[in-house]
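Trainee: I am new to this structure and should like to work through it by question and answer. May we begin once it is shown?

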Amino acid sequence: MSHGDGDHERFAHYVQKDKIMASALDGTPVVALCGKVWVPGRDPKKYPVCPMCKEIYDSMGPGGGDDDKGGKGK
């Protein structure tokens, strides 16, 4: 988790797709695979993917279906 060093702010993070939708609708914070908690509000395509999120996502392997695994909502 970030402790004010700003590292998490320079990356796009992986979050479950349904959580991104809920956040967009009601402004609730989301939790990235790496543990960052925030309310998304910027274009993730403008930032590199968080290396910790990517490592965790890649280690998860194939899930039981698209609805069962974390999405690449950044």
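Trainee: Which side chain meets that of D58 in a salt bridge?

Mentor: The model is a predicted one, in which local features need pLDDT of at least 70 and side-chain atom pairs count only at pLDDT 80 or more, while totals for chains, interfaces and linings use all residues. Residues are numbered from 1 along each chain as its sequence is written, and side-chain values use heavy atoms, with hydrogens and water left out. A salt bridge requires a side-chain nitrogen of Lys or Arg within 4 Å of a carboxyl oxygen of Asp or Glu. At 2.9 Å from N to O, the partner of D58 is K54.

Trainee: How many residues apart are D58 and K54 in helix α2?

Mentor: Helices are DSSP runs of H or I with at least four residues, strands are runs of E with at least two, and both are numbered from the N terminus. An α-helix has 3.6 residues a turn, so residues three or four places apart point the same way. Helix α2 covers residues 51-60, and D58 and K54 are separated there by about one helical turn, being apart by 4 residues.

Trainee: Are D58 and K54 buried, partly exposed or exposed?

Mentor: Buried means under 20% relative accessible area, exposed means over 50%, and partly exposed lies in between, with a 1.4 Å probe and protein chains only. D58 has a relative accessibility of 48%, so D58 falls in the middle class. K54 has a relative accessible area of 40%, and therefore K54 too is partly exposed.

Trainee: How many disulfides are there?

Mentor: A disulfide is a pair of cysteine sulfur atoms within 2.5 Å. By this rule the count is 0. For C34, the nearest cysteine sulfur is that of C53, at a distance of 3.7 Å.

Trainee: What are the relative accessible areas of C34 and C53?

Mentor: C34 is buried, since its relative accessible area is 8%. C53 is also buried, and its value is 0%.

Trainee: Which residues form the largest nonpolar core?

Mentor: A nonpolar core is a set of buried Ala, Val, Leu, Ile, Met, Phe, Trp, Tyr and Cys residues joined through side-chain atoms within 4.5 Å. One of the members here is Y14, which lies in the segment before α1 and is buried at 4% relative accessible area. The largest such core has 9 residues: Y14, V15, V30, A32, C34, W38, C50, C53 and Y57.

Trainee: Which residues does C50 touch, not counting residues up to four places away in sequence?

Mentor: A contact means heavy atoms within 4.5 Å. C50 is itself a member of the largest nonpolar core. With residues up to four places away left out, C50 touches F11, A12, H13 and C34.

Trainee: How many residues of helix α1 are buried?

Mentor: Helix α1 spans residues 17-26, which makes 10 residues, and it lies largely in the open. S23 lies in this helix and counts as buried because its relative accessibility is 5%.

Trainee: How far apart are the C-alpha atoms of S23 and P40?

Mentor: Leaving out residues up to four places away in sequence, S23 touches T28, V30, V39 and P40. S23 and P40 are 17 residues apart along the chain, and their C-alpha atoms are separated by 7.4 Å.

Trainee: Which pattern does the protein chain follow along the sequence?

Mentor: The protein chain has 2 helices and 2 strands. Just after α1, G27 takes a positive phi of about 75 degrees. Read along the sequence, the pattern is α-β-β-α.

Trainee: Where is the pLDDT below 50?

Mentor: The pLDDT is the predictor's confidence in each residue, from 0 to 100. The protein chain averages 81, and 73% of the residues score at least 70. Where pLDDT is low, the predicted coordinates should not be read in detail. The pLDDT is below 50 over residues 1-5 and over residues 64-70.
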